[in-house]
Structures are given as structure tokens and as C-alpha cells.
Amino acid sequence: MMNECKLWYDHPAAHWSQGLPIGNGRIGAVICGGIERESWSMTEVTYWSGRPERVVSAFKGKADLERIRQHFFSGNFAEGDRLAKELLQPQKPNFGTNLPLCELKFAYKATGTVTDFIRELLLDQAISRVSYQLDGAVVNREVFATQAGDIVASRIWADRPGMVSFTLGIEGSTEAFEIETASQTLHFKSCALEKVHSDGTCGVRSQGLVHVQASGGAVYSHADKLVVSDADEAWIYFAVGTDYQAGDRWHEIPEQRLETALVKGYDQLREEHVADYRGQYDKVKIQLGLSEQATLPTDERIRMFREGQDRDPQLFALFLQYGRYLTISGSRASSPLPMHLQGIWNDGEACRMGWSCDYHLDINTEMNYFPTEVTNLAESHLPLMRYIQSLAQAGRTTAEDFYGCEGWVAHVFSNAWGFTAPGWETSWGLNVTGGLWIARQMIEHYEFNQDIQFLRQAAYPVLKDAAAFFLDYMTVHPDYGWLVTGPSNSPENHFYGVDRSQGVQQLSMGPTLDQALVRDLFTFCLQAAGLLQIDDMLQQRWKEAIAKLPPLQVGGKGQLQEWLEDYEEAQPEHRHLSHLYALYPSSQITPEGTPEWSKAARVSLENRMLQDELEDIEFTAALFGLNFARLHDGERAYHHISHLVGELCFDNLLTYSKPGIAGAESNIFVIDGNFGGTAAIAEMLLQSHTGVIHLLPALPQAWQTGSVQGFRAIGNVEIDMAWEKGLLTEAVVRTFSTSPVVIRFGEYQVRLDAEPGGLYRLDSRLNLQ
């Protein structure tokens, strides 16, 4: 069990991708180095360049939209695309990016013989540690980011007096970085300025400090650095605040947090941190079998995976708990913003590219939160819920300015400033359901927790207004009579139209993703309004609209169509699998309920897999795993998650995109693979999207014996289960709401008339014990 709760290494971290991440939902750090050198790469989730701006549209009214649509309906894609670019493609504004904050650099006095080096991240305590022997003395360092104290704290000590000596400096990530030195404290001020995603004049201001205390020896400042000499023990505290929606006295907050920490003392701060963190982490326990490799360092286990030695079920359990660790560390109930492309951490690479370290709404931000509910971390979902509410408010302006419609809309990505306009290139930027896709997370949060107040006050108002936009915006297809969106794209894919002479196309009417999302939207609003007993007239409109939506369609190659027409893919190797939304995370395609569509979804997946030049990146591997799990194909799901772990993870188990894809210049850290892989492992063990809680629906041969405690299911239900030789041995069901609960394993099924506080023990055939 021990190595399922930690990452560990027997050598220092040479660079960021070997460093160990810590975080408190607002402040993040990646701890690198080891013996003579160490660095803390500090981040803060609100430290954004850019500013809020109203994006100018050339759109003059709904007549413009109809002009564009008529060209697409008549097959003149070239003219439709030209008009869409003219009227619906804005100039790039001061969009901004989340920037790295600063780097703390330690130089340690470590002359002598070093042995027994260990560097580790304790997942069950959220503490990064280093220990080694220096000429026979044991030296220890530990660091954590506490949500309870909203500060980063560290302790350095040895079992021999006078062994702690180091120099500590700080470097900013931008030119607008100032340092003032006091006897035991480094004060800094900075501004998040850059010129790739903004004009270099606008960004969030920050102010913070690094404070050092020591027992024995001396602490003093020298040349913008702090020096600790011959101490027995030392403590380091890091605090930072920004002016992002923080009031006029924001700059006083770091000092206040430091003062509180010093009054409590390090030991109490650490104790409160561990208790607070474990209140979330300890909700889930998992065993997937024993591994011979479990005693090896984490990077060695990943290397063996890469070489085909993948009989390491404990590594999958570690990967899932690491995903939960990253969720807790990156997103807490009090976090001012949700996790972005790199969670709350940042190696700076995405900031200098066209990507931006932002909120991609066409899969990445959604995937960040895919495992949140099932792995019992509902509180970590709350920052995203608040962000979606703010996005809905900002999206009202975009709905009016770009489409002349009521309600709200957002497109392919957003930022800290509420950007909701189309992106500045229609091929990827005109994804009209990006906001709706991220808003679907509100549906999931409600379905799992059955919180009627959240439904009434948050989810229903936001989704009702999204439905208002689509009722106003959608149009009837002149040939089919279907209600369709458009022009829109299927992120971020391309196709050939019927007239191939017009070349590769991106925009069309009624892409499959749009229609599936809108169907889920109208269906949820209809059900929610019925439950809340409101909006009778709207309920009727939603019923009528649902009846007019296009069905999912099977193409000439047996595939699930990605577009309304059976267009030929221009990039069959493409990384996005957007049209398979209907399979995951939606429940419109299920093996039992829609076998024809399930078969077509499998064909689509296999066609992608057969491509020699498949865009092999972290979120695609996770999506393959998730979709095959939904098809109850445990072996295929296992194959792709094994590929994710073995081929698309750095030594620190953070996932990445390979170079050459979407402009990436090198292996670039993107955190969605961690969360998508975590969700896929959970999906292989438990599914509840069909109204039935299905135990072990996609269990692979590699996990034939195991157990899980604390997984959550739709309906406010918690599940423990154990299995041997692939067969369920027992299950415990805890219910927190009044509603029928149906449990399934294999050919066995049982219905429970559940009540709040109910506890039901089931045997291997689901008989009540």
C-alpha cells in the first residue's frame, strides 16, 4: 500500500518535468533539485496578463447570419467561409495568459559524501520531501502548500547540530519584478506582463514575501538574498496576493497570512494542513493488485512500462490517486479560479506559444474535471461552477454582438477576464457550443449530488439561459426539416465537402457535437423545470425543439458521422474525438440501449487508431480509454491508459503533448491527461450514467483482483466493492437521498428503495446480506 501513496526517486530533479508539484488550490509550486541546488517554480492561479475587453464584431444582425447560412445550405462552402471570417472572426484582443510567478532558488552547503538520497511526494499528506546522508548526518527537507493557512511552508533540519546552511534568492518571470530585502525577509512586487497574448502593458499585479527563521546559527540578508549559516533547523514561509478582484487592501494580505503562520508555528501549520487535506484525500482507497515493480522508484516504473513491462497494477492505482491529489491541490472550494490547461502549475511553455495557458472549452477544461465527482471530490468542482456562472454573464454580450440572440454563448476558449467571443480564426475559433460543453459540468455536479438548491439557484438558471440562446439562434435545415446550429466547427477537425474543388473545409451546419450537446441541454432543462415545477411554456418549447433535432447518423464506412452530412475526413488522424461526446461523457450512446450507434462509435475509434500518423497526445489517449470503457471493452481501455502512463508521462507522472502537434515545439505539459486517465480508470470500475450503477463494467485481465472504497455514483450514492478473479465478491452501497437505486454486476441486478443514511451490503450475486 505504501507506494500507492507516494511518488519517489533516488536522484535529484534535473529539470521541471522531474519536479514534484504541490498546491493549495491557489498557489502552486514545482519542487526541483536535490542536494546542492533546489528551486521552487511558483505559480498563482490569478496571475494573468491581459484585461477584460469587449470584443468588436462586424456582425450587423440576424440577416447577416442568414446570408452566411444560405451559402452553406446551397453547398457554396467557400463563400460561406469567407463571410463567416468577415463577420464572425474578431481581432485578437488582450486575451492574456496565466504566467509563472517567480522562482525561489536555494544553494545549499553540502560538501562531503552524500548517500541514501530520496526525493518523494507523499500523496496522503500532500508534502514533498528530500532526505539524504551527508558524511553520516541525516539531512531532511520538506515543503507543503496549505489551503488552511493559504501559504507555502518548508522545514529543513538534520540530526546533527549546525548542519543547515544555504542561500536563498528569488527571480521573477517578467521584467516587471522588484525585490526589497530585510534581515529575514525578501519582499517582491510584480506585474503579469507579456507580449505574445497581450500588448505588454496590462496584467494582474502581485505582492508577496519569503520569510526565513532558524534555530541556532545565523540568518541575514546579502545582495538581495537571504543567508542561513550553521543552523540546526530552518523554516521558510512564502505568501503572495494579487489585485485580481481582491479589493483595495489586497497588498496587505500576504503579511497578514505570514503573521498568522508565525503565531501558529510550523508544527501546528503542518498539522492543520494534513488534517484539511486528508479530509478530501482519504475519501477513496483503491487496490488493483500487487506489483513486483512497486518497490522501484517511480521513474523506473514508468521506463519499464515504456519498454513493455506493464504488469504493474499498483501503478494504475497510484496514477488514480495522483489524479485525485492534483485535483485537491489544484482546485479547492475557495479557489478564485478553476484549473486551466496546466492545472495551477506552469512551466512557461504554453505562455510563449499560440496556445496560451487558458481555459480550452473544446475538451481540455472539461477533462480537468471529468474524475471530480466519481472520485469523491465534489467540493473541488465548486470553482468551476462559479466560473461557469460568470461565463454565462459575460456570454450575454457575445450572444447579442455576434448573433443578435438572447441568452448567452461562449466559444472555443476563455480566460480570467470572461472572454466568450469566437476565436480569431474560424477554423478552430467558431465552436459555438464551447460554453455549453463546459456548462454540462453543472449537470454532472447536480446529478451526482442531487442538491436541489444548487439546481434551483445555479445550474438551472445558467442552462435555461443557454437554452434561450440556442432556441433563438438555431435554424431549420431546408432539406431535412431538422433544427440545426451553424455555421460551426467540429473541434478542431477538417473535412472535404461534396464539391472537393472547394478544398478543405472547417465550418458547416449542424456538426454532430453541437446537436448532441443541445439535445442534452434541452432534455436537462425540461427535466429540471418539471422537478422545480416552473416554466410550463418553456417546457413545451423544449419538447418541440427536441423532436426537431437531428438524430445521430451512421456514415457509409460504418462510422458515427462527425458532421450532419457524410463528409470525408481531411485529417483522419486528428487528435479530437468531439463527435463521440454522445458516448462519453453523455449517455446518448450505450451498448445496451443503442447497439447500432455503439458499433458505429467503435468503428470511429478504430479508424482513428489505424492511422499511422495519429496525433498521439495525452487527451486523445485518455479519450480512447474513456470511450472504450463506455463500450465495456476493458482490454482496449487498458491498452490506451497503459499507453498514456508509459508513453505520455514525464518522470513526475504529469502528462504531455508531443512536439509537432498543434504547434507544440517540444514535449509540453498539459494536465488534462492526468485527469482524463484518472476518469478512465474509474470508468472501467464503475459506471452510473444510464440510471443503473454498473459495477466492474470494463474490468481488464490485468486487474483481476482488487477493491475500491468511496467511489461516487449518480444519484448521491457511494460505493465500496471488492473482487477476485474478475468476479465481484461483495459491495457496500451508501445512499444519501430518497430514490430507487439499481445495482448491476454481470447478469445480476438488484433494486434498492434507498433512503438518506441507508447502508446496504450485497454479496457476489447482489443479494442483500
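Buried denotes a relative accessible area under 20%, exposed one over 50%, and partly exposed the range in between, computed with a 1.4 Å probe on protein chains only. The model is predicted, so local features need pLDDT of at least 70 and side-chain atom pairs count only at pLDDT 80 or more, while totals for chains, interfaces and linings use all residues. Residues are numbered from 1 along each chain as its sequence is written, and side-chain values use heavy atoms, with hydrogens and water left out.

## Overall architecture

The protein has 17 helices and 36 strands; these are DSSP runs numbered from the N terminus, with helices of type H or I and at least four residues, and strands of type E and at least two. Its radius of gyration is 26 Å, close to the 27 Å that the globule rule gives for 769 residues, so the protein is as compact as a globular protein of that length. That radius is taken over C-alpha atoms, and the rule is 2.2 Å times the number of residues to the power 0.38. Along the principal axes, the C-alpha trace spans about 85 × 65 × 50 Å. Of the 769 residues, 63% count as buried. Among contacts with a separation of 6 or more, 67% involve residues 24 or more positions apart, where contact means heavy atoms within 4.5 Å.

## Aromatic pairs and charges over rings

The structure holds 43 aromatic pairs. Rings of Phe, Tyr and Trp (its six-membered ring) pair if their centres lie within 6.5 Å; planes under 30 degrees apart count as stacked, over 60 as edge-to-face and the rest as tilted. The rings of Phe 77 and Tyr 567 have centres 5.9 Å apart and planes at 85°, so this pair is edge-to-face. Phe 77 belongs to helix H2 (residues 77–88) and Tyr 567 to the loop between helix H13 (536–548) and strand E26 (568–569), so the pair ties together parts that are 490 residues apart in sequence. Phe 77 is buried at a relative accessible area of 7%, and Tyr 567 is buried at 13%. Both residues also belong to a cluster in which ring pairs link Phe 72, Phe 77, Phe 495, Trp 563 and Tyr 567.

A second pair joins Phe 413 and Phe 419, whose ring centres are 6.0 Å apart and whose planes stand at 40°, so this pair is tilted. Phe 413 is buried, with a relative accessible area of 7%, and Phe 419 counts as buried at 7%.

Charges also sit over rings, a term that requires NZ of Lys or CZ of Arg within 6 Å of the ring centre and within 35 degrees of the ring normal. The charged end of Arg 69 sits over the ring of Tyr 473, 4.7 Å from its centre. Arg 141 lies over the face of Tyr 108, at 4.0 Å from the ring centre.

## Salt bridges

A search of the whole structure finds 45 salt bridges, each being a side-chain nitrogen of Lys or Arg within 4 Å of a carboxyl oxygen of Asp or Glu. Three of them are listed below.

| Asp 150 | Arg 257 | 3.0 Å |

Asp 150 lies in the loop between strand E8 (137–146) and strand E9 (151–158) and Arg 257 in helix H3 (residues 253–264), so their bridge ties together parts that are 107 residues apart in sequence. Asp 150 is buried at 14% relative accessibility, whereas Arg 257 is partly exposed at 22%.

Lys 264 is partly exposed, with a relative accessible area of 28%, and Glu 272 counts as partly exposed at 26%.

Asp 616 lies in the loop between H14 and helix H15 (618–630) and Lys 658 in the loop between strand E27 (656–657) and strand E28 (668–669), so the pair ties together parts that are 42 residues apart in sequence. Asp 616 counts as buried at 16% relative accessibility, whereas Lys 658 is partly exposed at 27%.

A network of salt bridges links Lys 6, Glu 120, Arg 129, Glu 142 and Arg 270.

Glu 573 is placed in the loop between E26 and helix H14 (595–609). Glu 573 is buried yet has no salt bridge, the nearest side chain of opposite charge being Arg 608, 7.8 Å away. For this assignment Lys and Arg count as positive and Asp and Glu as negative, while His and the chain ends are not counted. Leaving aside neighbours within four places in sequence, Glu 573 is in contact with Arg 608, Gln 611, Glu 613, Leu 614 and Glu 615.
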